[in-house]
Amino acid sequence: MAIVEMQKLGIYAGKKHRKDILEFLQSMGAMEVDVSKAASEQFEKQDTQAERMKFEKVADAFDNAIELLKKKAPKEKKKLLNLELELIPKAEEDEIIAHKAEIYSDANTVLSLEKQIAESQAIIARKNNKITSLMPWLSLDIPLNEVGTKKTKILIGSFPEILEADQIMAAAISEIPEADDSLPVDVNIVSSENQVTNVCIVTTNRLVDQVEAGLRSHGFSRLPFITHRIPAEAIEKRKRDIADEEAKIAAAEEKQISFADQLMKFKIASDYYRTRAEKYKVLGSLPQSKNVFFMEGWIPKDKLDPISTVLTEKFGAVIDLEEVSDEDVEPVVLKNNRFSESAEGVLESYGLPQHGRVDPTFIMSIFYVFFFGMMLSDAAYGIIMSIATGLVLLKNKRLASGMRKMMQLFFWCGLSTAFWGFMFGGFFGDAIDVIAKTFFGYTGATPILKPLWFAPLENPMRLLIWCMLFGLIHLYFGLGMKGYEMLKAHDIKGFISDIVSWYLFLTGLVFMLLPSSLFESIAQTEYNFPSWVAPLAKGMTIAGLLIILVMSGRSSKNWGLRIALGAYDIYGVTSWLSDVLSYSRLLALGLATGVIASVINMMASMVGSGVVGAILFIIIFILGHTLNMAINLLGAYVHTNRLQFVEFFGKFYDAGGEPFHPFQTIHKYVEIKED
């Protein structure tokens with residue numbers, strides 16, 4: 001509805017009050033500090049980067065400890081629907097701050113224990129890998145690094161294929177002249193798997209070089225050093241090591257969980273250090289001299305007087321209300337009623353309006369909820385949405401602003417969905433009739449839940465006409481908001497040339513099209529207007545056409561060019577046609593919800609009417625409708641956004657406003673209840 005007026009101000013104060021003034025402004029959370037001011041010869045800036053990074057590092061340590069404890073202490077996990085910040089008395093925060101060093105030590109203990117756990121897990125992974133590499137040699141009864149005796153040599157290694165003992169023997173003696181099977185070469189196959197043959201070969205010192213050369217020529221490679229133990233003993237040793245590491249992990253996790261009662265202290269300390277980091281960030285941007293400092297920024301005008309009073313009376317500061325220059329970019333804060341503020345997040349995702357421009361949130365919110373309900377259009381789905389979001393809002397009074405607005409938006413969208421569901425006769429599709437016929441023997445031809453308006457599945461063309469009518473109204477509002485901005489700027493000529501002309505032209509075309517045989521064949525409805533409507537529609541069309549033709553290119557003094565620009569602008573009527581047709585998605589998504597719901601009900605009813613049938617019906621019904629609701633809820637959200645961003649905003653809206661970022665305390669985990 002409106003954009004909050006902002007005031008640019010400068011604050012001059014004694015340096016001795018710097019800390020108290022910053023803490024006061026941060027606690028109020030009402031001023032955006034301009035950090036772009038460069039220091040001068042009289043004023044310089046303090047380097048606070050090291051301190052700020054230190055505080056952020058401490059806050060990150062607390063965050064990591066909190067996440068670890070939340071994972072390992074199930075009782076600390078959030079309860080269902082509990083999304084709000086925890087309310088903490090100021091005295092408890094003061095107590096935590098007084099013992100922050102000890103609490104930080106506890107957080108570091110939690111983190112160091114996690115490091116120990118990670119190290120033990122890495123050792124276990126290495127030991128398991130070693131066991132895996134030793135398993136193929138389990139049957140070998142000599143150490144893997146055994147090289148032989150005084151007169152013999154042992155070759156332990158592998159072939160990259162499956163071989164038989166005689167094949168290996170042939171390879172072993174292939175490099176020995178006049179060799180035969182009586183040579184002192186003993187081949188032992190230890191294991192064969194995964195296209196690998198592991199062997200242990202014994203021969204004499206005299207033949208070892210020739211035997212190894214023959215083996216290598218057939219792909220043999222010696223086993224790299226794994227262990228000096230017999231494989232079975234090495235495996236058992238590593239299993240004992242793994243058990244020891246697992247015991248260390250269990251002890252470390254048990255000690256970590258013992259810090260679960262410190263979780264709230266960690267949360268308070270994290271917010272405290274994050275807030276201090278924010279304060280030092282601002283502190284480092286302030287121009288200051290030996291005795292005074294200066295800060296500049298933006299503040300909502302409705303909060304200016306109380307804050308200025310405290311700054312001047314309590315801290316002796318001088319307040320300078322500055323004029324806004326052309327280079328200044330005023331931050332934007334939206335102010336809407338409780339219904340419309342729920343859609344502010346949708347607008348912010350597209351872009352905030354600039355100061356001096358219209359805030360479309362109020363109009364957009366009405367159409368947003370209206371169209372969302374038409375797309376989902378099932379009473380049961382809408383009731384579920386509103387109940388779920390309503391419970392979240394009732395249970396959580398201190399939700400973060402963005403989350404609260406989103407829950408409010410889906411609450412209103414749920415009510416709209418329920419409304420359109422009853423208008424179209426959809427309650428889990430046709431579930432009421434299907435259940436009545438399947439389990440209660442209902443044989444009536446008329447539906448039990450009759451639509452209050454009409455059933456889209458029986459008359460889709462009728463709904464299509466209404467969808468395009470609603471779309472045209474939506475677009476007319478967008479054009480009207482552009483006209484409103486022109487009237488605010490006292491651009492009467494532009495209002496008539498660019499707004500009134502299009503209203504005349506488009507409205508005349510509509511009333512000329514409705515009674516035509518072409519439209520009647522499409523809509524399957526006959527439109528009969530009084531005799532004076534046709535000439536009035538033609539007159540409006542011609543009047544609008546002439547104004548556009550003559551005035552659209554009014555910036556040019558060349559009449560030929562002006563007429564050409566006007567003719568090109570008239571061609572823009574095709575974009576209006578495509579925009580209106582875009583609203584057929586209201587029909588498409590509404591029908592998709594109803595058709596899929598009906599198919600789910602039909603599939604569920606096919607299992608029969610007995611006890612088993614009822615159980616299977618419930619399972620299919622719940623799973624099917626949950627999936628249908630989730631998919632179509634996402635579709636309704638995406639396409640409702642599109643109708644706002646492309647069709648509606650395309651008629652008038654220019655974003656570019658900068659959001660308001662106040663200097664404030666950080667509340668990531670807790671909210672402090674002031675005494």
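Two strands count as paired here if DSSP finds at least two bridges between them, and the strands themselves are DSSP runs of E with at least two residues, just as helices are runs of H or I with at least four, both numbered from the N terminus. The model is predicted, so local features need pLDDT of at least 70 and side-chain atom pairs count only at pLDDT 80 or more, while totals for chains, interfaces and linings use all residues. Residues are numbered from 1 along each chain as its sequence is written, and side-chain values use heavy atoms, with hydrogens and water left out.

Next comes an open sheet of 4 strands in the order β6-β7-β5-β8, paired in the antiparallel sense. Its edges are β6 (185–193) and β8 (221–222); each has a single partner strand, so one side of each is left without a neighbour in the sheet. Helix α5 (residues 165–172) packs on this sheet and touches β5, β6 and β7 (196–204), its direction making about 130° with that of β6. Such angles run from 0 to 180 degrees between N-to-C directions, and axes are lines fitted to C-alpha atoms, for helices over the stretch in contact. Touching, or contact, means heavy atoms within 4.5 Å. Helix α6 (residues 208–217) lies across β5, β6, β7 and β8, and runs at about 5° to β5.

Going through the pairs in this sheet, β6 and β7 are antiparallel and joined by 8 bridges, with V199 in β7 as the bridge partner of I189. These two strands make a hairpin with 2 residues between them, and N194 in the turn has a positive phi of about 50°. β7 also pairs with β5 over 8 bridges, again in the antiparallel sense; there S158 stands across from N198.

β3 pairs with strand β9 (residues 292–300) over 2 bridges, antiparallel, and V33 is found opposite G297 of β9.

Turning to helix against helix, α15 (residues 460–488) and α16 (residues 492–513) pack at about 165°, with their axes 8 Å apart. That makes α15 roughly antiparallel to α16; the labels used are roughly parallel for angles under 35 degrees, roughly antiparallel for those over 145, roughly perpendicular for 65 to 115 and oblique for the rest. The crossing of α15 past α16 is left-handed, meaning that the near helix is turned anticlockwise from the far one by less than a right angle (clockwise would be right-handed). Residues of α15 in the contact include L472, Y476 and L479, and those of α16 include F495, W502 and Y503. By class, this contact has 12 nonpolar, 4 polar and 2 charged residues, where Ala, Val, Leu, Ile, Met, Phe, Trp, Tyr, Cys and Pro count as nonpolar, Asp, Glu, Lys and Arg as charged, and the others, Gly among them, as polar.

Helix α8 (residues 263–283) packs against α3 (residues 90–98) at about 85°, with the axes 10 Å apart, so α3 and α8 are roughly perpendicular. In this contact, E92, E93, I96 and I97 of α3 meet M264, K265, I268, A269 and Y272 of α8. That contact has 6 nonpolar, no polar and 3 charged residues. The axes of α8 and helix α2 (residues 49–72) come within 8 Å and cross at roughly 155°, so α2 and α8 are roughly antiparallel. α2 passes α8 in a left-handed crossing, and the contact divides into 13 nonpolar, 1 polar and 10 charged residues.

Finally, the whole structure has 27 salt bridges, each a side-chain nitrogen of Lys or Arg within 4 Å of a carboxyl oxygen of Asp or Glu. One of them joins K19 and E23 at 2.9 Å, N to O. Being 4 residues apart in helix α1 (residues 18–28), K19 and E23 are about one helical turn from each other.
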